[in-house]
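This report walks through one protein model for a reader who has not seen it before.

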Amino acid sequence: MKKNLNKIFLTFALIGVSIANVGCSDDDIYLEDPGNVVYQDYYNTEAEFRAAVEGMYQSFFSAGYFAGADNSSDIISMGEIMADNVILNPAGRQAGFSAHVWNFASSAPSSIYESSYMMIARANAILDNIDNLDVYNIPNVKAEIRAHALVVRALAHFEISRWYLKIPTQSSDANSFVGIAYVEQFDPLGEFLPSREATVADVYAKVLSDMEEAIPSLPATATPGQISQKAANGLMSRIQLYNGNYPAVIAYAESVVASTPVTLATEIQGYWRCQNSIGVLIERPVATNSDPTIGVSYSQGNGPDLKTEYTVDKAFYDLFESTETARRNAFIGYHAAKNIYYVNKYVQSAFGLGRSHGRYLRIEEVILNLAEAQYLNGDPGAALITLNKLRDNRYTSYAGGETGDALFAAIQLERRKELAFESDRFFTLKRLQNVPNIPSSFKQGVVRSGNGHLADGTGVPSSILTLTPSEREWQFPLSLLQLQSNPNMTQTPGY
């Protein structure tokens, strides 16, 4: 009996939430007797493992990743609506309101936890059966498939950790903050109830171990929608930046930056219309009408039919200069009739309204990771050269030549503008809080402008304007159901 790999893992125990027998048919998983999950007739051929890998990558379209339904819980919007680039539109559906005002004492405002452990389960099912490929003795096939599972397992654990834990550079005690469960076995019946890793440092050590083991065996050119060796190196630059290991960021990022073209100013609107994928490193291409619409957490429709959930703060819009209009206009639109600035990155694509590819990592972030790491590693000259690789392709002219604190501020300004509406902002404000030798202005947490939601700064402002570094809401809590389903799990400290 052949099973549908996109559904095969709907029956298993998530960490803290049991979803046994949800939506499964007999063609997905069947029980010979209670407690016996049968999938032995799968994972026996290369084709079946390739299908399992594709099903694992399809997890990027799960709720909390690129799917957000109607509650603004997707990975594109969450890190923005919790920060300071956008303002809740009082005329919208109030989607994501609890996240925007950091009011989630009893439950996280996202499904990233459940969906990440689903992704991890799919990866572990591949890893637990990988030795079945020995019978074929096909050079490199087993190693490559195993590498895909390892890199996705690492990515998913990293995602949970940055939402639910302190980031290593966030505070002096961050590395000793309790970790998340790092799951390394497939457990479809929930017989194994894991507990948290002792510390954040332990979690990052396991993420890095999986990544380092995977990278040498990943393909130089991956199947579209999957992770290549270059992309994994780029991802490592992000992980190590969070980890505060700046020499490692440099080591992983330099070759990626040297070998990957930046999207030119003339190409950037086409990029966000999905007419090209220049500079993309990790993306999940939109393929069918069942794939999630992306960006609808910010707005829906176009032209006179545009409906916005969040508008762009005038204070953020004003950071863009007259010599970078191509970038500004590709990222932010102006609706005269409604007198609002709106997120324009995802509104229209070659596939229709809101039908954008899920972009998880692109070269512009790796450039900014590298520039910041070079600066913090004591090489401002190299940092300026790296920063200019991006600025040369965004401005018709710019002053440049910054040194000292001004150079660090320039790197962060470009990061804020270039990665706007891609969920980076909240994590940048979170991870900079305990980085040494940077201006104190970058260690204040979230400080919103106080402007209203309209383009001239009037209108209704966000009801809460600051999230200070000492507050617990930088980390998500576990829900009561998650805690009750796994007695080995403990609540996030502070809740």
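Helices, of at least four residues, and strands, of at least two, are DSSP runs numbered from the N terminus. The model described here is predicted. Glycine 401 lies in the loop between helix 13 (380–391) and helix 14.

**Overall build**

The secondary structure of the protein chain comprises 16 helices and 14 strands. The chain has a radius of gyration of 22 Å, close to the 23 Å that the globule rule gives for 495 residues, so the chain is as compact as a globular protein of that length. Along the principal axes, the C-alpha atoms fill a box of roughly 65 × 45 × 45 Å. Of the 495 residues, 60% are buried.

Glycine 401 has a relative accessible area of 54% and is exposed, because the cut-off for exposed is over 50%. In sequence, glycine 401 is 17 residues from leucine 384; in space, their C-alpha atoms are 7.4 Å apart.

Cysteine 274 is not a glycine, yet its phi is positive, at about 60°. Cysteine 274 sits in the loop between helix 9 (268–272) and strand 4 (280–284). Its relative accessibility is 9%, so cysteine 274 counts as buried.

Serine 423 also has a positive phi without being a glycine, here of about 80°. The loop between helix 14 and helix 15 holds serine 423. With a relative accessible area of 2%, serine 423 is buried.

**Aromatic rings**

A pair of aromatic rings is described by the distance of the centres and the angle of the planes. The model has 29 aromatic pairs. In one of them, tyrosine 113 and tyrosine 164 have ring centres 5.0 Å apart and planes at 50°, so this pair is tilted. The pair links distant parts of the chain, with tyrosine 113 in helix 4 (residues 112–129) and tyrosine 164 in helix 5 (residues 141–164), 51 residues apart. Tyrosine 113 counts as buried at 3% relative accessibility, and tyrosine 164 counts as buried at 2%.

Another pair is formed by phenylalanine 316 and phenylalanine 421, whose ring centres lie 5.9 Å apart with the planes at 90°, so the pair is edge-to-face. This pair, too, links distant parts of the chain: phenylalanine 316 belongs to helix 10 (residues 314–317), while phenylalanine 421 is in the loop between helix 14 (404–418) and helix 15 (425–431), 105 residues away. Both phenylalanine 316 and phenylalanine 421 are buried.

Ring pairs also join residues into a cluster, with Phe104, Tyr113, Tyr117, Phe158, Trp163 and Tyr164 among its members. Tyr204, Tyr242, Phe426, Phe427, Trp474 and Phe476 belong to the cluster as well.

In two places a lysine lies over the face of a phenylalanine ring, as the table shows.

| Lysine | Ring | Distance from the ring centre |
|---|---|---|
| Lysine 345 | Phenylalanine 331 | 4.0 Å |
| Lysine 417 | Phenylalanine 320 | 5.5 Å |

**The largest pocket**

The largest pocket has a volume of about 290 Å³. Its lining is made of 19 residues, and those nearest its centre are Asp84, Arg416, Arg425, Leu429 and Val447. Helix 10, helix 14 and helix 15 are the elements that give two or more residues to the lining of this pocket. Helix 14 provides the largest share, four residues. By class, the pocket lining has nine nonpolar, five polar and five charged residues.

**Cavities**

How many cavities of 30 Å³ or more does the structure hold? There are four cavities of that size. The largest cavity has a volume of about 200 Å³. It is lined by 16 residues, with Arg238, Tyr360, Glu365, Glu422 and Asp424 nearest its centre. Helix 7 (229–243) and strand 12 (358–362) each supply at least two residues of this lining. The largest share comes from strand 12, with four residues. The lining of the largest cavity divides into seven nonpolar residues, one polar residue and eight charged residues.

Methods
Residues are numbered from 1 along each chain as its sequence is written. This is a predicted model: local features need pLDDT of at least 70, side-chain atom pairs count only at pLDDT 80 or more; totals for chains, interfaces and linings use all residues. Side-chain values use heavy atoms; hydrogens and water are left out. Rings of Phe, Tyr and Trp (its six-membered ring) pair if their centres lie within 6.5 Å; planes under 30 degrees apart count as stacked, over 60 as edge-to-face and the rest as tilted. Buried means under 20% relative accessible area, exposed over 50%, partly exposed in between (1.4 Å probe, protein chains only). A charge sits over a ring if NZ of Lys or CZ of Arg is within 6 Å of the ring centre and within 35 degrees of the ring normal. On a 1 Å grid over the protein atoms alone, a cavity is a set of points where a 1.4 Å probe fits but cannot get out, and a pocket is an open set with protein on both sides within 12 Å along at least five of seven lines; lining residues have an atom within 4 Å of a point. Grid points are joined across faces, edges and corners, and a volume is the space filled by probe spheres set on the points. Ala, Val, Leu, Ile, Met, Phe, Trp, Tyr, Cys and Pro count as nonpolar, Asp, Glu, Lys and Arg as charged, and the others, Gly among them, as polar. The radius of gyration is taken over C-alpha atoms; the globule rule is 2.2 Å times the number of residues to the power 0.38.
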